[in-house]
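Please look over the sequence and the structure first, then read on.

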Amino acid sequence: MLLRLFKLVFGSITLFPENEPLLRPHATLGDAPVALLDARYIIALAKAGGRLRSRQNTPRDAFLDLATLRQMTNGHTGSLRVACLSYAWLQPDHPDSHGTTLRLLARVLEIMVEYENEDVEYGEGKGPFGV
């Protein structure tokens, strides 16, 4: 029996001014409704033997802020390369206690970041990559 651990979808997004509030901290709630992790953080965490944590327990500097995202969309399509990850927690008290999901995700992201750094065209065009 094959257990499906996570769903990973690759794509691109364009930062339209009307969508930017989703990436800004909310006045009442604090955090932005949408937060993108830097792919390099995930790769480094896996290499260091770390574990994925809940969003609330992930260091703030692991996330890409709106100013950085704006700079990343200067590619030829004006789009930001993203990966969306959805996965079930493997245990009730920790999302990835053994680092399984992190290691698998880091392998894929490392390839994507390598392609981006080599200016290889993939999908609709060339561009930076965020998670």
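Helices (H or I, at least four residues) and strands (E, at least two) are DSSP runs, numbered from the N terminus. This is a predicted model, in which local features need pLDDT of at least 70 and side-chain atom pairs count only at pLDDT 80 or more, while totals for chains, interfaces and linings use all residues. Residues are numbered from 1 along each chain as its sequence is written, and side-chain values use heavy atoms, with hydrogens and water left out.

Q: In which strand does G11 lie?
A: The chain has three helices and five strands, and their order along the sequence is β-β-α-β-α-β-α-β. Residues 6–13 form the strand that holds G11, and this is β1.

Q: Is G11 buried, partly exposed or exposed?
A: Buried means under 20% relative accessible area, exposed over 50%, and partly exposed in between, using a 1.4 Å probe and protein chains only. Because the relative accessibility of G11 is 29%, G11 counts as partly exposed.

Q: Which residues does G11 touch, not counting residues up to four places away in sequence?
A: Contact means heavy atoms within 4.5 Å. With residues up to four places away not counted, G11 touches L80, R81 and V82.

Q: Is D38 buried or exposed?
A: D38 has its place in the loop between β2 (36–37) and α1, and, leaving aside neighbours within four places in sequence, D38 is in contact with A62 and L64. Because its relative accessibility is 13%, D38 counts as buried.

Q: Which residues touch the most other members of the largest nonpolar core?
A: A nonpolar core is a set of buried Ala, Val, Leu, Ile, Met, Phe, Trp, Tyr and Cys residues joined through side-chain atoms within 4.5 Å. In soluble globular proteins, nonpolar side chains tend to be buried together. The largest such core here has 14 residues, and those touching the most other members are I42, L102 and L109. The elements that give two or more residues to this core are α1 (39–47) and α3 (100–117).
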